[in-house]
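The following exercises concern the structure shown below.

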Amino acid sequence: MRRLFAIPLVLVAACGGSDSKALTSAGLAALGKGDAQTALSKFDTALAGMDRMDKNYVRAALGRCEALASLDGARATRSFLELAATVPEKVGEADFSRVCWALLKNGDRLHAMDVMKAGETRFPDSANMKATSTAVVAATQREGKPAELQKLDSFGYTGSSK
């Protein structure tokens, strides 16, 4: 009788990973269509069925950060920086750039600067991070509000204030 119960448990465990993968793919598809709210829901459900060791964990978590960038830049930044601190070996310079661009796309220069600064600190010799930083600085100098320009100054980008 015990063996009969073991088989369904194994099947449920096996389906969890593929469900999470399918949910992550659905989240990325929703994100691609500009439906950040649906994407966030899919990513949250996918992540609830995963642990950090799952090979799709970072993919879902980064997708979640991108979805949040459209909805709540502060939460996106906080989630991303927590992810980068929790699994630093799995979060690279391209991921920092990806989140910066998502925030910039949604006009959130203040939070893009936070991610930019963390990326510069972690990858000081990265050409990719330098290009991302240049884009964030240029967007902020071009369109920035006084608080954004002041923040740039505080990061050492002198001459940013108007």
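**Exercise 1.** At roughly what angle do the axes of helix 2 (residues 36-48) and helix 3 cross, and within what distance do they come? Determine also how the two helices are oriented to each other.

*Solution.* The model is a predicted one.
Step 1: the two axes cross at roughly 150° and come within 9 Å.
Step 2: angles over 145 degrees count as roughly antiparallel, and helix 2 and helix 3 are therefore roughly antiparallel to each other.
Step 3: the crossing in which helix 2 passes helix 3 is left-handed.
Step 4: on the side of helix 2, the contact is made by Ala36, Gln37, Ala39, Leu40, Phe43, Asp44 and Leu47. Helix 3 contributes Tyr57, Ala60, Ala61, Gly63, Arg64, Ala67, Leu68, Ser70 and Leu71.
Step 5: sorted by class, this contact of helix 2 with helix 3 holds 11 nonpolar, 3 polar and 2 charged residues.

**Exercise 2.** Describe how helix 3 (residues 57-71) packs with helix 5 (residues 93-105).

*Solution.* Step 1: the packing angle is about 20°, and the axes lie 8 Å apart.
Step 1: because angles under 35 degrees count as roughly parallel, helix 3 is roughly parallel to helix 5.
Step 2: helix 3 passes helix 5 in a right-handed crossing.
Step 3: from helix 3, the residues Leu62, Gly63, Cys65, Glu66 and Ala69 meet Asp95, Arg98, Val99, Ala102 and Leu103 of helix 5.
Step 4: the residues of this contact divide into 6 nonpolar, 1 polar and 3 charged.

**Exercise 3.** Is Arg78 buried or exposed, or does it count as partly exposed? State where Arg78 is found and how far it lies from Val115.

*Solution.* Step 1: Arg78 belongs to helix 4 (residues 73-86).
Step 1: its relative accessibility is 46%. Buried means under 20% and exposed over 50%, so Arg78 counts as partly exposed.
Step 2: Arg78 and Val115 are 37 residues apart in sequence, and their C-alpha atoms are 9.2 Å apart in space.

**Exercise 4.** Summarise the protein chain as a whole: how many helices and strands does it have, and what percentage of its residues is buried?

*Solution.* Step 1: the protein chain has 8 helices and 0 strands, and from the N terminus on its elements run α-α-α-α-α-α-α-α.
Step 1: of the 162 residues, 41% are buried.
Step 2: the accessible surface of the protein chain comes to about 8900 Å², and 58% of this surface belongs to carbon and sulfur atoms.
Step 3: among contacts between residues at least 6 apart in sequence, 54% join residues at least 24 apart.

Definitions and conventions. Residues are numbered from 1 along each chain as its sequence is written. This is a predicted model: local features need pLDDT of at least 70, side-chain atom pairs count only at pLDDT 80 or more; totals for chains, interfaces and linings use all residues. Side-chain values use heavy atoms; hydrogens and water are left out. Helices (H or I, at least four residues) and strands (E, at least two) are DSSP runs, numbered from the N terminus. Buried means under 20% relative accessible area, exposed over 50%, partly exposed in between (1.4 Å probe, protein chains only). Contact means heavy atoms within 4.5 Å. Accessible areas come from the Shrake-Rupley method with a 1.4 Å probe; for residues, only the protein chains shown count as cover. Axes are lines fitted to C-alpha atoms, for helices over the stretch in contact, and angles run from 0 to 180 degrees between N-to-C directions. Angles under 35 degrees count as roughly parallel, over 145 as roughly antiparallel, 65 to 115 as roughly perpendicular and the rest as oblique. A crossing is left-handed if the near helix is turned anticlockwise from the far one by less than a right angle, and right-handed if clockwise. Ala, Val, Leu, Ile, Met, Phe, Trp, Tyr, Cys and Pro count as nonpolar, Asp, Glu, Lys and Arg as charged, and the others, Gly among them, as polar.
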